[in-house]
Amino acid sequence: MQQKREVKVLLADSFKELVLEKSVEKITIKEITDRAGVIRVTFYNHFQDKYELLEWICREEIVNPVRILLQNHMHREAMMFMFTAMQKNKEFYTHVARTSGQNSFENTMQKLISEMIEEIFVSEGAAGQKKYSWLSAGWAADYYAMSLTYVLMSWIGKDMSVPPEEMVDLYEYVGAHSLLDLPRDL
């Protein structure tokens, strides 16, 4: 198991280096494996394609640590970790944020965040009595994932110039106030 993870890390490091040189769309599996010093078959033993590798990187670097914090009701710390981890690897996340289409970084993050939030909702008892019949853990998770992904993408698009702590404050503020409250603060 440890060896399998080490190969994944090696491939991820290779991919992360290549992303700084060219767009994700133009990176080939051969380039990833050549830089990692492994054969193509090794790549396919671990990942279906480069987009699955990108998803693994996002899950390992951001989502899994955030999940642990959220499971321990450390919501602010989870948000701080997400923004700080992305800022720490600013060049990589700025480059991958430029991908578009169905395999885009935005779609990948939205999916991963939604899955994580839904898992937490369910584990916290979200399957109990519903106030609204159409309101499900999946729907609520998608809603929050879309809003958080929008904030992340906007922040990345502005060169991550706002400090992570301020981004967390902003996200918490907007999330805690209704649409009718916000105009006085804009």
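**Entry 1: Q71**

Is Q71 buried, partly exposed or exposed? I looked up its relative accessibility, which is 39%, so Q71 counts as partly exposed. I note the cut-offs here: buried means under 20% relative accessible area, exposed means over 50%, and partly exposed lies in between, with a 1.4 Å probe and protein chains only. Before going on, I recorded that this is a predicted model, in which local features need pLDDT of at least 70 and side-chain atom pairs count only at pLDDT 80 or more, while totals for chains, interfaces and linings use all residues. I also recorded that residues are numbered from 1 along each chain as its sequence is written, and that side-chain values use heavy atoms, with hydrogens and water left out.

I found Q71 in helix α4. Helices are DSSP runs (H or I, at least four residues), as strands are (E, at least two), and both are numbered from the N terminus. Leaving aside neighbours within four places in sequence, Q71 is in contact with E119 and I120; contact means heavy atoms within 4.5 Å. I also looked up V7, which lies 64 residues from Q71 along the chain, and the C-alpha atoms of the two are separated by 29 Å.

**Entry 2: The whole chain**

I counted nine helices and zero strands in the protein chain. Its C-alpha atoms fill a box of roughly 55 × 40 × 30 Å, taken along the principal axes. Of the 186 residues, 40% are buried. Among contacts with a separation of 6 or more, 63% are between residues 24 or more positions apart.

**Entry 3: α4 against α7**

Two packed helices are described by the angle between their axes and the distance between the axes. Axes here are lines fitted to C-alpha atoms, for helices over the stretch in contact, and angles run from 0 to 180 degrees between N-to-C directions. I found that α4 and helix α7 (residues 105-123) pack at an angle of about 30°, with their axes 10 Å apart. The two helices α4 and α7 are therefore roughly parallel to each other. The classes are as follows: under 35 degrees is roughly parallel, over 145 roughly antiparallel, 65 to 115 roughly perpendicular, and the rest oblique.

I noted that α4 passes α7 in a right-handed crossing. A crossing is right-handed if the near helix is turned clockwise from the far one by less than a right angle, and left-handed if anticlockwise. The residues of α4 that meet α7 include L54, C58, I62 and Q71, and those of α7 include F105, M109, E119 and I120. By class, the contact of α4 with α7 has eleven nonpolar, two polar and six charged residues. Nonpolar covers Ala, Val, Leu, Ile, Met, Phe, Trp, Tyr, Cys and Pro; charged covers Asp, Glu, Lys and Arg; the others, Gly among them, are polar.

**Entry 4: α4 against α5**

I next looked up helix α4 (residues 50-71) with α5, whose axes come within 8 Å and cross at roughly 165°. That makes α4 roughly antiparallel to α5. Their crossing is right-handed. In α4, E61, I62, P65, V66, L69 and L70 meet H75, E77, A78, F81, M82, A85 and M86 in α5. This contact has ten nonpolar, one polar and two charged residues.

In the loop between α4 and α5 I found H73. What is its phi? Phi of H73 is near 60°, a positive value in a residue other than glycine. Most residues other than glycine have a negative phi.

**Entry 5: α5 against α9**

The axes of helix α5 (residues 75-88) and helix α9 (residues 164-176) come within 9 Å and cross at roughly 135°. That makes α5 oblique to α9. I recorded a right-handed crossing of α5 with α9. Among the residues in contact are M79 and F83 of α5 and V168 and Y171 of α9. The contact of α5 with α9 divides into seven nonpolar, two polar and four charged residues.

I found Y144 in helix α8. Y144 has a relative accessible area of 40% and is partly exposed. Leaving aside neighbours within four places in sequence, I found Y144 in contact with I117, F121 and Y171.

D159 is in the loop between α8 (137-157) and α9. Its phi is positive, about 60°, although D159 is not a glycine. At 44% relative accessibility, D159 counts as partly exposed.
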